[in-house]
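Thanks for coming, everyone. Please have the sequence and the 3D view open while I talk.

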Amino acid sequence: MSRIGRKPIAIPKAVKVAVQNGEVKVEGPKGKLSLRPHTAMSVKIEGGNIVVGRPDDERGSRSLHGLTRTLIVNMINGVEKGYTKELDVNGVGYRAEVKGKELHLTLGFSHPVVYKLPEGVTAQVTDEKRTHIVLSAANKELLGATAAKIRSFRPVNKDPYGLKGVKYSIERPRQKEGKSGAK
């Protein structure tokens, strides 16, 4: 049996949860999120906890059981505390700037890269060199997709000698040693 799926989810005081017509709606201080789980999964609120059920012990049902519970937990954590992802821009002349709902990146191309942030995602450039980007959102999936899209404009792993580009702050890419020359 799925051990994760069987655990009940405690509902925090600052969060409101409603289950209507097969849709789970979560509302908290950081925003509102909704999820329509797979039709085979049943979601119920019992005594201040959310309980996710499954119809049988088939392999597909077991995996959907744990997935559904995890998605609901991510929604609750997102509307209560929020999620953040940090990116670093490395390279001579490389920088980032936030203008309204757009992120302007100078990444060594002949033109600046302008990325319109999706609804619900905010960005900040935190240091004086304008090379550290902090993205925050209530929706964990949307935040990860946004960070991956920004990183894809100039990934660091394409240049293993100079490490120029955009990378996650926790990422440690391998750097190759240059030519050693005459001994």
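Start with helix H2, residues 59–80, which lies across E1, E5 and E6 and runs at about 155° to E6. Axes here are lines fitted to C-alpha atoms, for helices over the stretch in contact, and angles run from 0 to 180 degrees between N-to-C directions. Helices (H or I, at least four residues) and strands (E, at least two) are DSSP runs, numbered from the N terminus.

A word on the source: this is a predicted model, where local features need pLDDT of at least 70, side-chain atom pairs count only at pLDDT 80 or more, and totals for chains, interfaces and linings use all residues. Residues are numbered from 1 along each chain as its sequence is written, and side-chain values use heavy atoms, with hydrogens and water left out.

Back to H2. It has 22 residues and reaches 32 Å from its first C-alpha to its last, close to the 32 Å expected at 1.5 Å a residue. That expected span is 1.5 Å times one less than the number of residues. Its buried residues include His65, Arg69, Ile72 and Ile76. Buried means under 20% relative accessible area, exposed over 50%, partly exposed in between (1.4 Å probe, protein chains only). Just after H2, Gly82 takes a positive phi of about 85°.

Now the sheet under discussion. Three strands form an open sheet in the order E1-E6-E5, with antiparallel pairing. Two strands pair if DSSP finds at least two bridges between them. The edge strands, each pairing on one side only, are E1 (9–10) and E5 (42–46). E1 pairs with E6, residues 49–53, over two bridges. Ile9 has Ile50 as its bridge partner there.

Which residues does Pro8 contact, leaving aside neighbours within four places in sequence? They are Asn49, Ile50, Val51 and Arg69. Contact means heavy atoms within 4.5 Å. Pro8 sits in the loop between helix H1 (3–6) and E1. At 46% relative accessibility, Pro8 counts as partly exposed.

Next, two hairpins. Five bridges join E8 (residues 95–99) to E9, and the two run antiparallel. Lys99 stands opposite Glu102 in E9. Two residues lie between these strands, and Gly100 in this hairpin takes a positive phi near 65°. E9 then joins E10 through four bridges, again antiparallel. Leu105 stands opposite Val113. This hairpin has six residues between its strands, and Gly108 in the turn has a positive phi of about 85°.

On to the cores. A nonpolar core is a set of buried Ala, Val, Leu, Ile, Met, Phe, Trp, Tyr and Cys residues joined through side-chain atoms within 4.5 Å. The largest one has 20 residues, and Leu105, Leu107, Ile133, Leu135 and Ile150 have the most contacts inside it. Among the elements that each supply at least two residues are strand E12 (132–137) and helix H3 (140–152). A second, separate core has 16 residues, including Val26, Leu33, Ile50 and Ile72.

Last item: how many aromatic pairs does the structure hold? One. Rings of Phe, Tyr and Trp (its six-membered ring) pair if their centres lie within 6.5 Å; planes under 30 degrees apart count as stacked, over 60 as edge-to-face and the rest as tilted. Tyr115 and Phe153 have ring centres 5.8 Å apart and planes at 65°, so the pair is edge-to-face. Tyr115 is in strand E10 and Phe153 in the loop between H3 and strand E13 (165–168), so the pair ties together parts 38 residues apart in sequence. Tyr115 counts as buried at 14% relative accessibility. Phe153 is partly exposed, at 22%.
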